[in-house]
Amino acid sequence: MIRRILLVLALLLPPVAVATAQTVGDMPAECRVAQHLIENGVPLQRVAKAIAAKRLSILVIGAGSSLLPGPNGAQNAYPARLRSALAEQFPGVEITVATDVKARRSALEMVKALPEDLAATKPDLVIWQTGTVDAMQGIDQDEFSRALDKGIAKARSAGADIILMNSQYSPRTDSMIALGTYGETLRWVAVQREVPLFDRFSVMKLWGDLGTFDLYSATKKLDIAGRVHDCIGRLLAVLIAAAVKSEAPPEQAPK
Amino acid sequence: MAPVKTERDLRLDLFRGLALWLIFLDHIPSNAVSWITIRNYGFSDATEIFVFISGYTAAFVYGRAMQEHGIMVAGARVLKRAWQIYVAHVFLFAIYLAEISYVAHSFDNPLYTEEMGVLDFLKNPDVTILQALILKFKPVNMDVLPLYIVLLAGFAPVLWLLLRAPSLALIVSALLYSLMWVFDWNFPAYPSGGWMFNPMAWQLLFVFGAWCALGGARNLTRWINSPVLVGLAVVYLVFACLIALTWYFPRFGVYVPEFVGNVIYPIDKTNLDVLRILHFLSLAVITVYFVPRDWPTLRSKALWPAIVCGQHSLEIFCLGVFLSFAAHFVFTEVSNRVVVQFAVSLLGILVMVAAAAVLSWYKRVERQGPRPPATKPGYAGGDA
């Protein structure tokens, strides 16, 4: 709602270096309804170079909401969906997605695991999903914000670009987990460190509000969860593709 | 310095009433209606208004009691009030437990295995309930009352000093605020971290409100009415609004020069960031400038619903928290269509107004009744 009102104001300002998100592959309509929320003005230079060199390595580090249960969980969760969406978008580029996702990890715990992951996978891009566990444990905001800074610095010094991803929108537990301030801290750190933020919360909130996906339902079935993760993977690919295009056309790597 | 001996300033009731409505709307998770609340257009939110006005009315009510009956009697009354708020808080906690126990039994979704972990604390209620009783464990949106309890519990000596050396009291308060920033002081919370509203920070606004009530506001009148100050306030509010715009539209983040970002972020709510105080003060300056104390509309029917809520702030605040739980319950169990969100929000406010009206009526009846009039200054001057 506020977005709509602000949008009117926003249109009055000239856009600067806005990477217009473009559809990647044939994106299902249910994913596309949230595509306008994928916004980012920060180019991903390292990723652009890697794509030009036909070899892109991605590391997803996250907690429980980057996982899906079940025997096909890993195939259906968003990291694997991102890989196939990118493969469609960039044919001929060898894309690998490594994951380090374990439930119930705070930002700081992931920072501790990061050096080993970076050394093992040598990624061009780190996608860091965090915030939920910190909110559940009521971790101090300063501590959370310092952990984010550290993680970003580590990824960068290893030569990788980084994308931050915030919490899921979870209507049932909305009144129990104070995501608000953690989401704001993530946003501010992202602005300050010039890191793209994948606003998973707003995307899922929109799906919930529009009824695209029934996020309230009590179910053991995996179909909706799988479709949500599929869309998140595709939308992440949209963000990445746009951030690469907004970069000046990358020079062809000398052969 | 004597408390200002005039009749109750209805503007306080009006804005406290409005703040209570906004807090209710903000507390309903995923509520479309909450886009109207001020936190989306700047740095501060309804909490600042609530804490400031609570400080103001506390000084107004207990300041008079302290002058007439001395520090012991006034102190006892303040503590009694703090106790009432504690009881109210525990009551709300019981309702909260009921709600989430229900959710824990009725919800399962593979998408949210991580989030469901928040219900784990139900597995050891011995620890959780004890931590809640000592105000260390505070569920989401139940942070304001514990802050209020601590502020009132320590209020008697502050009031004593305010009545003798108001400027000194304000300086001590500001000093505590500064020391808190230097040494990172906060009350401990369970399971980790500190209080969401750090009492050592938020006391500044409470004491400032009290200081204004005891004559400070009168001394500031000349400043507040100066067009330069009002101009500055407007400029600052516009600046805050533009910054807030970039939160919703990251693409405009590029318009915020780096040094500005470095200076302003993060805007700390827990420790009541200076930017938040300035934002609240700007709002206050503009409000006082455009809404005079004797504004006839204050007595009109149109504003009565907000004013009557503001006059029963504790009861209506608690009711608001309960209603926000109930509203969330309706969204999860019945429907979360936007129409329903609007209807539930409106209905909630109507319930708050109706309850406040009943409380007013009951208070009048009690006063006129055959029994001798209640001698409770805490109520006679309105709730602190």
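**View 1. Helix α1 of chain B and its burial.** Because 18 of the 18 residues of α1(B) are buried, this helix is largely enclosed by the rest of the structure. A residue counts as buried if 20 or more other C-beta atoms lie within 10 Å of its own, as exposed if 12 or fewer do, and as partly exposed in between, with C-beta atoms placed from the backbone. The structure is a predicted model, in which local features need pLDDT of at least 70 and side-chain atom pairs count only at pLDDT 80 or more, while totals for chains, interfaces and linings use all residues. Residues are numbered from 1 along each chain as its sequence is written, and chains are lettered from A and ligands numbered from 1 in the order in which they are written. Helices (H or I, at least four residues) and strands (E, at least two) are DSSP runs, numbered from the N terminus. Helix α1(B) covers residues 10-27, and its end C-alpha atoms are 26 Å apart, in agreement with the 26 Å that its 18 residues should span at 1.5 Å a residue. The expected span is 1.5 Å times one less than the number of residues.

**View 2. Helix α11 of chain B and the elements that cover it.** This helix has 17 residues, 274-290, and reaches 24 Å from its first C-alpha to its last, close to the 24 Å expected at 1.5 Å a residue. Its buried residues are B:L275, B:R276, B:H279, B:F280, B:S282, B:L283, B:A284 and B:V285. Their cover includes α2 (46-106), α8 (199-224), α9 (227-248) and α10 (258-264) of chain B, where two residues are in contact if their C-beta atoms, placed from the backbone, lie within 7 Å. In the loop between α11 and α12 (304-310) of chain B lies B:S300, which counts as exposed, with 10 C-beta neighbours inside 10 Å. The C-alpha atoms of B:S300 and B:L152 are separated by 33 Å, the two residues being 148 residues apart along the chain.

**View 3. The packing of α7 and α8 in chain B.** The axes of α7(B) and α8(B) are 9 Å apart, and the helices pack at an angle of about 165°. That angle makes α7(B) roughly antiparallel to α8(B). Axes are lines fitted to C-alpha atoms, for helices over the stretch in contact, and angles run from 0 to 180 degrees between N-to-C directions. Angles under 35 degrees count as roughly parallel, over 145 as roughly antiparallel, 65 to 115 as roughly perpendicular and the rest as oblique. The crossing of α7(B) and α8(B) is left-handed, that is, the near helix is turned anticlockwise from the far one by less than a right angle (clockwise would be right-handed). Residues of α7(B) in this contact include B:L170, B:A174 and B:Y177, and those of α8(B) include B:L204, B:F208 and B:W211. By class, the contact of α7(B) with α8(B) has 14 nonpolar, 4 polar and no charged residues. Ala, Val, Leu, Ile, Met, Phe, Trp, Tyr, Cys and Pro count as nonpolar, Asp, Glu, Lys and Arg as charged, and the others, Gly among them, as polar.

**View 4. The packing of α6 and α8 in chain A.** Helices α6(A) and α8(A) pack at an angle of about 10°, with their axes 9 Å apart; they are therefore roughly parallel to each other.

**View 5. Backbone detail in two loops.** Most residues other than glycine have a negative phi, and most peptide bonds are trans. A:R104, although not a glycine, has a positive phi of about 60°. A:R104 is found in the loop between β2 and α6 (107-121) of chain A and counts as partly exposed, with 15 C-beta neighbours inside 10 Å. B:D184 likewise has a positive phi, near 60°. The loop between α7 (166-183) and α8 of chain B holds B:D184, which is partly exposed with 13 C-beta neighbours inside 10 Å.

**View 6. The contact between chains A and B.** Chain A contributes 57 residues and chain B 49 residues. On the side of chain A that touches chain B, elements supplying at least two residues each include α1 (2-10), α10 (200-210) and α11 (223-245). The largest share of that side, 6 residues, comes from α9(A). By class, the side of chain A that touches chain B has 29 nonpolar, 18 polar and 10 charged residues.
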